[in-house]
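This report describes a model of two protein chains. The contact between them comes first, followed by each chain in turn.

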Amino acid sequence: MDSDLSPQDRKDLDKFIKFFALKTVQVIVQARLGEKICTRSSSSPTGSDWFTLAIKDIPEVTHEAKKALAGQLPSIGRSMCVEISLKTSEGDSMELETWCLEMNEKCEKDIKVSYTVYTRLSLLLKSLLAITRVTPAYKLSRKQGHDYVILYRIYFGDVQLSGLGEGFQTVRVGIVGTPIGTLTLSCAYRTNLALMSSRRFERTGPIMGIIIDHFVERPLSNTALLHPCNYRAPVEEEGGAYAGVEDSQEVCTTSFSTSPPSQLCTSRLSYQTPPLGAVDVCHPAACTAVAHPHQMAVPGKEGGVPQVLLQPSHGTQADHGRAPSCPTADMPHQAPPSSCSSGDADVLSRSSELKSASPSDVLETTFTRKVGAFVNKPTTQVTTASLDLPFAAFAPKAYDLEENDPMVHPPASPTPSSPLQGSLHSQSSSQSGGQAQDDFVMVDFKPAFSKDDLLPMDLGTFYREFQNPPQLASLSIDISAQSMAEDLDSLPEKLAIYEKNIDEFDAFVDTLQ
Amino acid sequence: MNCRSEVLEVSLEGRQVDEALLALLHTILLHRSTGKFHYKKEGTYSIGTVGTQDIDCDFIDFTFVRVSSDELDRVIRKAVAEFKDALGNSGSDGMGQISLEFYQKKKSRWPFSDECIPWEVWTIKVNVVNLANEQERQICREKVGEKLGEKVINIVEVINRHEYLPKMPTQSEVDNVFDTSLKDVQPYLYKITYQITDSLGTSVSTTMRRLIKDTLAL
């Protein structure tokens with residue numbers, strides 16, 4: 001009851017609540033600016049830092065908050081709410097979270113206003129600082145910029161949570177009991193961002209909007225619900241390019257691979273941005289990197305004027321935004337490029353198949369030697385007649401030349417196992433001299449930048465020539481057995497010689513030490 | 001007076017241990033620190049201002065808020081580093097716990113030393129996991145970020161129950177309640193200790209007790 005509270009205490013309490021409300025708004029908005037906040041501790045009190053916390057006051061935000069409060073304080077049935085929403089380049093928007101400062105009837109009569117309530121309000125602000133970095137909107141706000149911006153709206157009165165979609169979560173930041181009621185600070189945040197994107201595009205992750213040229217600083221309707229088709233799953237590269245082109249490609253690619261295009265387009269057309277609410281205006285909380293954080297967007301004027309302006313321009317912007325990215329309309333045009341890009345791999349593989357198929361074809365019919373890259377020699381058509389087996393002398397004499405001729409008997413594996421053939425296009429094949437070389441088809445290729453000056457042969461011929469060296473003499477069994485016997489016989493003689501020269505050996509060993 | 005005890009459990013990858021513990025300990029200390037007290041003649045005092053700072057984690061998708069005090073940050077980092085070393089050297093399965101205990105000192109007569117009476121203990125149980133590939137690490141990054149968010153909400157919930165807090169001391173007793181050694185902020189008296197759990201899951205007999213911050217070291 002107010003009678004229990006001294007006038008001074010009541011005055012203090014009202015002041016605390018008022019400044020608490022203003023600081024709450026500052027903390028929330030600053031947490032959604034998209035940048036890291038850093039304030040300095042000061043051991044000597046400055047007198048202007050409410051609740052012993054260094055929280056900067058952005059003038060425009062204070063101005064908006066005061067305007068929304070209009071001299072009143074949060075009381076029973078009248079809550080102060082800060083709504084955070086996301087707005088994409090197309091003008092679609094979505095509410096992300098709503099922070100509510102409410103007062104209920106439960107009073108704590110015996111609490112000391114000047115100290116306990118003040119300290120607890122300070123604690124609550126600290127909790128708010130911590131919690132604002134935890135809700136999903138924080139990560140989104142840190143990534144805002146080209147694709148979307150984060151806006152805030154302050155209103156006073158009944159809490160409106162319908163814009164948060166289904167399944168929104170609530171987190172209570174804290175409560176502070178006062179003699180006139182209990183203050184509760186809580187946040188209701190949307191959870192179905194990822195669900196929407198995964199439903200449409202079968203991808204998870206944070207939502208990114210359309211890339212925009214500049215963010216719009218107009219007031220926003222408080223009940224606008226962003227349409228799901230505007231949610232894009234994140235692309236691999238952060239949005240660098242602009243507007244319609246990349247977006248339409250993205251849309252196309254996505255619709256191409258996953259969701260049916262008609263669904264996207266029709267659903268886009270079926271939703272319209274609802275008209276503005278009465279007094280409520282939205283203000284962009286984000287600033288471009290260039291702008292000073294304190295230069296917030298100037299809020300729209302009150303009254304009917306912004307409403308009138310917003311509707312058509314919003315509509316046209318939405319249309320404009322709609323057109324380039326409407327999937328069905330653009331599908332026939334975009335399909336070739338996207339199919340090119342996505343089907344590049346297919347094209348490549350097809351061509352490589354072709355190439356790989358060609359040698360076998362060629363082997364059986366005409367024999368064409370194609371020259372590899374960087375080689376100056378012109379392409380020569382080599383017919384069967386002019387081809388002789390290089391180094392035929394090295395081939396074992398047991399083989400008939402004709403038998404060995406690949407023209408008559410194509411190799412067992414016509415497709416080249418060596419990658420050289422496919423890539424360098426050269427297709428001469430020959431059996432090497434050895435008997436166990438069936439798996440490899442020798443390639444007579446001209447390696448790039450190779451020179452013939454050292455030896456009158458190139459690498460291929462060198463390889464062929466020395467591929468089957470004769471057996472080492474010592475490895476042949478007869479010879480080795482022979483030498484062993486000889487060694488054993490000569491051992492006693494050798495030992496006798498060594499014993500004779502023992503002094504020499506000792507002297508040698510001494511020199512080593 | 002009963003000591004309030006809260007336990008938080010986290011499963012992390014090795015390289016996330018530092019940041020996760022810093023995040024949680026700093027979040028607690030943010031709520032348990034005030035500005036510096038300046039006592040005036042009439043028994044009143046004024047309180048300095050506490051600044052805050054956003055810290056992004058490198059290995060976790062998470063940002064936390066800490067008080068702007070490099071001194072305090074150094075102390076906490078040192079404690080966390082020691083814990084992490086102990087965890088690594090223990091040869092256990094990577095399980096341990098680190099405790100942040102807030103206490104009050106109660107002066108006793110000589111020859112008895114001052115009593116340290118804890119009034120709130122936060123225990124963070126850490127379980128280190130090893131991940132096989134980069135994809136798992138990426139998932140872990142996000143998951144641990146979400147988990148830490150939940151822990152922060154837990155911490156805030158406990159703190160906002162407004163249960164026992166030491167009374168504001170007079171000038172002569174301020175050192176029994178607060179740590180006045182830092183020049184920019186004044187946390188409640190606290191100490192950080194840790195235990196490494198061996199593979200049997202029980203406390204190791206060689207429980208290591210490190211008093212990182214104890215103004216009375218006798």
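## The interface

The contact (heavy atoms within 4.5 Å) takes 34 residues from chain B and 35 residues from chain A. In chain B, Thr49(B), Asp54(B) and His162(B) lose the most area to chain A, together 23% of what that side buries. Chain A and chain B bury about 2900 Å² between them, and 57% of this is on carbon and sulfur atoms. Buried area is the accessible area (1.4 Å probe) that two parts lose on being put together, summed over both.

This is a predicted model: local features need pLDDT of at least 70, side-chain atom pairs count only at pLDDT 80 or more, and totals for chains, interfaces and linings use all residues. Residues are numbered from 1 along each chain as its sequence is written, chains are lettered from A and ligands numbered from 1 in the order in which they are written, and side-chain values use heavy atoms, with hydrogens and water left out.

Across the interface the rule finds 3 salt bridges, each a side-chain nitrogen of Lys or Arg within 4 Å of a carboxyl oxygen of Asp or Glu. In one salt bridge, the side chain of Asp54(B) meets that of Arg133(A) at 2.8 Å, N to O.

## The chain B side

Elements that give two or more residues to the side of chain B touching chain A are helix 1 (17-31), strand 4 (45-47), strand 5 (52-56), strand 6 (63-67) and helix 3 (134-159) of chain B. Helix 3 of chain B gives the most, with 5 residues. Helices (H or I, at least four residues) and strands (E, at least two) are DSSP runs, numbered from the N terminus.

## Chain B

Chain B has 4 helices and 10 strands, in the sequence pattern β-α-β-β-β-β-β-α-β-β-α-α-β-β. Of its 218 residues, 52% are buried, that is, under 20% relative accessible area (1.4 Å probe, protein chains only). Among contacts in chain B between residues at least 6 apart in sequence, 69% join residues at least 24 apart.

## Chain A

Chain A has 15 helices and 10 strands. Buried residues make up 42% of its 513 residues. Of the contacts in chain A with a separation of 6 or more, 78% are between residues 24 or more positions apart.

Technical notes. Buried means under 20% relative accessible area, exposed over 50%, partly exposed in between (1.4 Å probe, protein chains only).
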